[in-house]
Amino acid sequence: MPTLTVYHLRFSGGLHLGSHGVNLEEGSLTLPSDTIFAALVDAWRRAGGDPVAWVAPFVAEPPAPPFLL
């Protein structure tokens, strides 16, 4: 079994996670992995990093991701 690392997230403000629908009227208790990944890419970009280079291992052929969500 792989070793899993738990990361506890803290947010400086409110956070609404929509669960379904066009307007995402309902809230959810879980955070989808694609949402987390998009947030990581955006945080890297805002920190001055190159998002294309950051995602390159994930879209390489064959993929060689440095981590999985």
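This note goes through the helices, the salt bridges, the aromatic pairs and a few local features of the model.

1. Basis. The model is predicted, local features need pLDDT of at least 70, side-chain atom pairs count only at pLDDT 80 or more, and totals for chains, interfaces and linings use all residues. Residues are numbered from 1 along each chain as its sequence is written, and side-chain values use heavy atoms, with hydrogens and water left out.

2. Helix α1. Helices are DSSP runs (H or I, at least four residues), numbered from the N terminus. Helix α1 covers residues 33-46, and its end C-alpha atoms are 20 Å apart. This agrees with the 20 Å that its 14 residues should span at 1.5 Å a residue; the expected span is 1.5 Å times one less than the number of residues.

3. Salt bridges. With a salt bridge defined as a side-chain nitrogen of Lys or Arg within 4 Å of a carboxyl oxygen of Asp or Glu, the whole structure holds 2. Aspartate 42 meets arginine 45 at 2.8 Å, N to O, and arginine 46 at 2.6 Å between the closest N and O atoms.

4. Buried means under 20% relative accessible area, exposed over 50%, and partly exposed in between (1.4 Å probe, protein chains only). Arginine 46 is exposed at 65%, while arginine 45 at 43% and aspartate 42 at 25% are partly exposed.

5. Aromatic pairs. Rings of Phe, Tyr and Trp (its six-membered ring) pair if their centres lie within 6.5 Å; planes under 30 degrees apart count as stacked, over 60 as edge-to-face and the rest as tilted. There are 5 such pairs. In one of them, tryptophan 54 and phenylalanine 67 have centres 5.9 Å apart and planes at 55 degrees, so the pair is tilted. Tryptophan 54 is in helix α2 (residues 51-59) and phenylalanine 67 in the segment after α2, 13 residues apart. Phenylalanine 58 and phenylalanine 67 form an edge-to-face pair, with centres 5.2 Å apart and planes at 75 degrees. Ring pairs link Phe37, Trp54, Phe58 and Phe67 into a cluster. Phenylalanine 67 is partly exposed at 30%.

6. Cis peptide. The bond from glutamate 61 to proline 62 is cis, with omega near 0 degrees. Proline 62 is in the segment after α2.

How values were computed. Helices (H or I, at least four residues) and strands (E, at least two) are DSSP runs, numbered from the N terminus.
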